[in-house]
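Colleague: I am new to this model. Please take me through one part closely, then connect it to the rest.

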There are 2 protein chains.
Amino acid sequence: MTKPIKVGIIGLGTIGGGTAKVLTANASTISARSVDISLAAICDKYVDQARAKAKSIGIDPAIVTDDVNQVINNPEIDIVVELIGGINPALQFITKALSKGKSVVTANKDLVSTQGALLLNAAKEANRDFYFEAAVGGGIPIIHALKESLRANNFRRIMGIVNGTTNYILSQMTETGRGFVEMLAEAQRLGYAEADPTNDIDGHDAARKMAILASIAFNSRVTEDMVFAEGIRHIDKYDISYARQLGYVVKLLGIAAQDGEDLDVRVHPVLVPARHPLSSVNDAFNAVFVDGDALGEAMFYGRGAGELPTASAVVGDIIMAAENLVNNMAGISGCSCYKHLNVKPMRQTYNKYYFRLMVDDRSLVLAQIAQAIGENQVSIDAVVQKRVVDSGLAELVVVTHKVMEENMQNALAALQKLDSVDHVASMIRVLEE
Amino acid sequence: MTKPIKVGIIGLGTIGGGTAKVLTANASTISARSVDISLAAICDKYVDQARAKAKSIGIDPAIVTDDVNQVINNPEIDIVVELIGGINPALQFITKALSKGKSVVTANKDLVSTQGALLLNAAKEANRDFYFEAAVGGGIPIIHALKESLRANNFRRIMGIVNGTTNYILSQMTETGRGFVEMLAEAQRLGYAEADPTNDIDGHDAARKMAILASIAFNSRVTEDMVFAEGIRHIDKYDISYARQLGYVVKLLGIAAQDGEDLDVRVHPVLVPARHPLSSVNDAFNAVFVDGDALGEAMFYGRGAGELPTASAVVGDIIMAAENLVNNMAGISGCSCYKHLNVKPMRQTYNKYYFRLMVDDRSLVLAQIAQAIGENQVSIDAVVQKRVVDSGLAELVVVTHKVMEENMQNALAALQKLDSVDHVASMIRVLEE
């Protein structure tokens with residue numbers, strides 16, 4: 001048909017390498033299904049290393065440069081693929097590429113979650129596409145599904161296991177019965193967790209991804225700073241064990257829901273009922289659970305990271321952008337956030353809670369506890385376990401009815417002050433179906 | 001922006017009613033996200049009933065007619081939605097609508113699985129779209145995912161639980177321990193199975209859906225007659241119980257795989273390992289499990305039928321077609337089957353098998369059996385259960401290694417002839433991961 005669409009990649013790291021591999025290995029399938037796409041330029045600051053990598057994939061090392069202008073300012077290039085991550089200089093590169101009339105594909109969740117509106121509008125202005133399927137859920141095509149196939153729905157709730165590192169650690173803690181510190185070390189050893197794991201472990205990565213999903217599903221811009229994030233550092237192996245006895249599995253969930261006129265968007269550990277499909281999403285797998293007013297409940301499951309799964313999403317976007325360029329259809333859709341909804345502060349949300357207390361092993365303790373939390377409008381659904389600990393203390397596990405977060409926090413503070421309570425060992429929210 | 005896109009629905013049954021409801025209830029969301037869409041005509045042969053239904057949804061009954069030409073031959077109508085099902089007259093209606101310059105959306109799996117190529121080519125010829133997301137998996141957006149987001153992949157295997165009736169019956173048999181006949185009757189009572197359940201129970205419905213998925217995933221036209229189909233009538237509660245002891249769950253699976261230069265496409269009961277994500281897809285839920293060379297393994301899960309979930313997919317297609325008309329982008333893609341692959345006869349496929357025999361309760365029987373099947377190149381992986389039955393017969397459960405179907409069938413015939421074998425009670429294929 002027409003001349004091939006030329007692609008330039010910035011960043012030949014893990015995802016960049018995967019993208020180059022898929023574009024090369026599957027070129028004939030892609031061409032037969034859609035349009036001819038040729039990888040014409042690669043920019044990487046470690047140019048020698050990148051040339052060796054290109055060669056090993058079967059790509060002419062001569063197309064590798066360390067001058068980013070050979071990609072973003074090159075009139076031959078139709079589509080720029082940004083895979084260096086982070087805000088700067090990725091933001092400058094993408095903005096310039098769009099202004100030069102290139103469509104842009106990225107996997108950059110940090111950038112999309114903070115500058116998504118700006119970049120989508122810049123793309124529309126330039127009559128070009130800005131796609132980022134790989135920014136959430138790796139190979140899982142959740143963003144196009146929410147934006148296109150499922151858009152007949154008013155979404156009620158989106159829930160996601162969108163961080164592979166924390167899901168790996170929690171799955172291994174559940175399977176082996178061992179503790180967080182030990183399992184984090186193993187995840188680091190296996191390459192599932194970074195040397196500085198803060199971003200993953202404390203929920204920031206998941207919060208960015210949920211900001212993106214919430215913005216799309218609810219047509220209202222949500223950025224990371226609006227998303228309450230609590231990580232998994234405090235999850236104790238005893239909590240995982242008690243949860244199992246109660247019929248739950250502990251997962252780090254992102255939740256984005258319509259709550260009256262507001263949105264409720266947060267990331268924190270959740271006790272998920274064992275019969276819920278999200279409970280069996282294990283190890284480095286991701287899943288996004290969608291509840292729409294027509295669709296009902298649906299789930300999208302797959303590998304949330306990794307060289308080739310992420311490249312599947314990146315190359316999917318490249319093909320879509322290429323087809324749009326060939327058919328003169330680029331730049332149809334810009335930012336879809338036409339609403340300006342408030343995100344509820346966490347303290348005003350309603351949840352069911354599990355908490356564990358270390359208490360004096362005396363009678364009457366339960367009555368004191370029930371009174372202390374009852375004074376804060378928190379009512380008990382079930383007291384489910386009691387185990388005498390070596391220290392002479394007893395362990396008490398309580399599940400509440402659905403109550404306001406602020407009341408729950410006040411109740412926990414009140415418990416902490418009771419003489420009979422040694423300390424509040426943990427509090428985990430419980431998924432209500 | 002522009003004038004609204006006008007939609008005409010043919011058939012105001014369950015899915016037609018759901019489609020009218022979603023178009024009406026979610027009109028403002030759809031318009032804000034995409035383009036204005038107005039439901040301008042409905043045709044149904046039971047016109048009085050349809051007018052009453054329209055009125056109950058809040059639609060002007062005056063737009064309801066029993067003259068199909070008011071929809072397909074009406075210059076005001078931009079998109080025709082065919083929801084009467086079956087081959088004729090749906091085929092004539094769609095062909096005419098396309099020739100009159102209308103884009104067409106349907107949920108008609110019977111028609112798409114037999115006439116998909118013809119209709120996709122007719123749509124391309126007419127410069128219009130022909131969409132059928134709802135034909136497979138109800139609300140699950142699997143067709144657009146395979147055609148678009150995931151098309152960077154060479155697919156290795158697609159597996160689906162794509163028939164809700166059989167999945168409901170098997171799930172209930174598993175949960176309650178009761179038999180097929182009893183659970184079929186209950187499914188009929190609850191409206192999950194039709195009065196004549198043949199289409200579902202014998203795997204024909206699933207075969208049609210797998211023909212559609214295989215055609216899309218492997219870019220080669222597969223029609224129902226090429227798909228081996230075996231249903232669930234012969235599944236015994238004892239097999240479900242033995243399967244569970246062996247760590248499996250019995251599911252009716254559609255499987256479509258690349259096998260060398262050929263395709264392997266079939267529908268039959270399968271022993272699915274309990275840890276596989278497909279094993280926990282229960283009741284009327286559907287799921288499609290995709291294995292692609294870049295993506296790896298992914299699963300799409302949701303409600304496979306029902307008024308509103310199916311309407312979610314139909315209206316998603318309507319919005320896509322409407323947007324394409326507004327942006328002058330209709331008719332870009334036609335039939336995607338550019339290959340002509342052979343579908344392997346079932347007897348040449350390789351599988352692992354579970355089978356159950358009723359045998360004389362004597363020693364030496366096992367040696368005779370091993371010899372009889374060994375002579376047919378079938379080797380035993382495990383003999384796993386033995387239960388003495390009232391009649392004086394014993395029950396023997398055998399799992400084989402991976403062997404050729406033809407050899408397995410010959411082995412079963414040989415067993416049947418042995419004096420020590422009363423009868424072969426069952427044979428179910430086992431999923432290899």
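Colleague: Which strands form the open sheet in chain B, and in what order?

Modeller: This is a predicted model, where local features need pLDDT of at least 70, side-chain atom pairs count only at pLDDT 80 or more, and totals for chains, interfaces and linings use all residues. Residues are numbered from 1 along each chain as its sequence is written, chains are lettered from A and ligands numbered from 1 in the order in which they are written, and side-chain values use heavy atoms, with hydrogens and water left out.

Now the sheet. It has 6 strands in chain B, in the order β3-β2-β1-β4-β5-β6. Their pairing is parallel. Strands are DSSP runs of E, at least two residues; helices are runs of H or I, at least four; both are numbered from the N terminus. Two strands pair if DSSP finds at least two bridges between them. The edges are β3 (64–65) and β6 (130–131) of chain B, each pairing on one side only. Strand β1 (residues 5–10) of chain B meets β4 (residues 79–82) of chain B over 4 bridges, in the parallel sense. There, Ile10(B) has Glu82(B) in β4(B) as its bridge partner. Helix α5 (residues 90–99) of chain B packs on this sheet. It touches β1, β4, β5 (103–106) and β6 of chain B; contact means heavy atoms within 4.5 Å. The direction of α5(B) makes about 150 degrees with that of β5(B). Axes are lines fitted to C-alpha atoms, for helices over the stretch in contact, and angles run from 0 to 180 degrees between N-to-C directions.

Strand β13 (residues 350–360) of chain A runs antiparallel to β15 (residues 393–400) of chain A, joined by 7 bridges. Asp360(A) stands opposite Leu393(A) in β15(A). 8 of the 8 residues of β15(A) are buried, so this strand is largely enclosed by the rest of the structure. Buried means under 20% relative accessible area, exposed over 50%, partly exposed in between (1.4 Å probe, protein chains only). Both faces of β15(A) are covered: one side includes Glu395(A) and Val397(A), the other Leu396(A) and Thr400(A).

Finally, the two chains. A rotation of 180 degrees, with 0.0 Å of shift along its axis, superposes chain A on chain B at RMSD 0.0 Å. The copies are thus related as by a two-fold rotation axis. Superposition is by least squares on the C-alpha atoms of residues with pLDDT of at least 70 in both. Of chain A's residues, Phe300(A) comes closest to that axis, at 2.4 Å (C-alpha). The copies meet through the same surface, because 98% of the interface residues of chain A are also interface residues in chain B.
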